[in-house]
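My notes follow in the order in which I looked things up.

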Amino acid sequence: MSNEKNVINEEVEAKDEVQEDIEPEANESQPVEGQEEGIEEQEAEESEIEELKRKLEEQENRYLRLQADFDNSRRRAKLDLEAERKYRAQSLAEDILPALDNFDRALSVETDDEQTQSILKGMTMVYNQLVEALKKEGVEAIEAVGQPFDPYQHQAIMQVSDDSFDSNVVVEELQKGYKLKDRIIRPAMVKVNE
């Protein structure tokens with residue numbers, strides 16, 4: 001019988017050992033101190049990743065805005081350069097226009113003297129050369145007489161009543177106006193019918 005007791009005791013002890021081995025495994029489902037720190041570290045890393053993603057997105061947006069600003073600046077510079085080339089003769093034309101006005105006044109003088117007529121003929125040739133040179137650069141006189149009054153092209157100095165013209169039509173041009181391509185350099189000074 002003592003053999004039987006020994007065998008039973010050994011079996012009970014073996015069951016207790018197996019039970020002890022099983023219990024710690026069952027306790028693994030509950031967080032242990034080391035696991036809690038691991039979870040906190042993982043959450044911290046995830047929040048850091050989210051923060052880095054947000055910063056990356058901000059940097060990408062900033063880069064795209066800077067690229068757009070650069071493209072706009074380059075486009076504006078190109079347009080400015082084109083406008084500068086297109087209207088490069090404006091300053092010169094503005095300086096020459098008073099001389100053309102003086103030529104117009106001098107050429108409107110009527111004379112019977114042969115010497116004066118030859119001088120006027122030479123002045124006419126010089127005047128025509130100046131006008132042609134300005135035309136090559138795109139400077140043209142603005143048509144005024146008989147045209148409807150346009151405040152962008154005409155500057156009304158006087159208003160007259162003339163039955164031979166319609167209302168609001170230019171009757172007389174007192175000083176020629178000029179435009180460079182599509183830009184008005186100087187409006188024409190005119191008399192307008194009421």
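I began with the salt bridges, for which I needed the cut-off: I count one where a side-chain nitrogen of Lys or Arg lies within 4 Å of a carboxyl oxygen of Asp or Glu. I keep in mind throughout that this is a predicted model. Under that criterion the structure holds six salt bridges, and the one I looked up joins the side chains of Arg-54 and Glu-51, with an N to O distance of 2.4 Å. Both residues belong to helix α2 (residues 33–86), and because they are three residues apart there, about one helical turn separates them.

Next I turned to helix packing. I noted that two packed helices are described by the angle between their axes and the distance between the axes. For helix α3 (residues 90–107) and helix α4 (residues 114–136), the axes come within 10 Å and cross at roughly 150°, which means that α3 is roughly antiparallel to α4. I recorded the crossing of α3 and α4 as left-handed. On the α3 side the contact is made by Ala-93, Ile-96, Leu-100, Phe-103, Asp-104, Ala-106 and Leu-107, while α4 contributes Leu-120, Met-123, Thr-124, Val-126, Tyr-127, Leu-130, Val-131 and Leu-134. Sorted by class, the contact of α3 with α4 consists of 13 nonpolar residues, one polar residue and one charged residue.

I then followed α3 to the strands, and found that α3 lies across β1, β4 and β5, running at about 50° to β5. These three strands form an open sheet in the order β1-β4-β5, with antiparallel pairing. The edges are taken by β1 (139–141) and β5, each with a single partner strand, so one side of each has no neighbour in the sheet. Direction ignored, neighbouring strands of this sheet are turned by 35° against each other on average.

Lys-179 stands opposite Ile-184 in β5, and Leu-180 has Arg-183 of β5 as its bridge partner. The hairpin of β4 and β5 has two residues between the strands, and in it Lys-181 takes a positive phi near 55°.

Which order do the strands of the other sheet I looked up follow, and how do they pair? This open sheet of three strands runs β2-β6-β3, and its pairing is mixed. Its edge strands are β2 (154–160) and β3 (170–175), each of which pairs on one side only. On average, direction ignored, neighbouring strands here are turned by 30° against each other. For the parallel part I noted β2 and strand β6 (residues 188–193), which pair over six bridges, with Val-160 standing opposite Asn-193 in β6.

Technical notes:
Residues numbered from 1 in each chain as written. Predicted model: local features only at pLDDT ≥ 70, side-chain atom pairs only at ≥ 80, totals over all residues. Heavy atoms only, no water. Axes fitted to C-alpha atoms, helices over the stretch in contact; angles between N-to-C directions. Helix = DSSP H or I, 4+ residues; strand = E, 2+ residues; numbered from the N terminus. Parallel < 35°, antiparallel > 145°, perpendicular 65-115°, else oblique. Left-handed = near helix turned anticlockwise from the far one by under 90°. Contact = heavy atoms within 4.5 Å. Nonpolar A, V, L, I, M, F, W, Y, C, P; charged D, E, K, R; others polar. Pairing = 2+ DSSP bridges.
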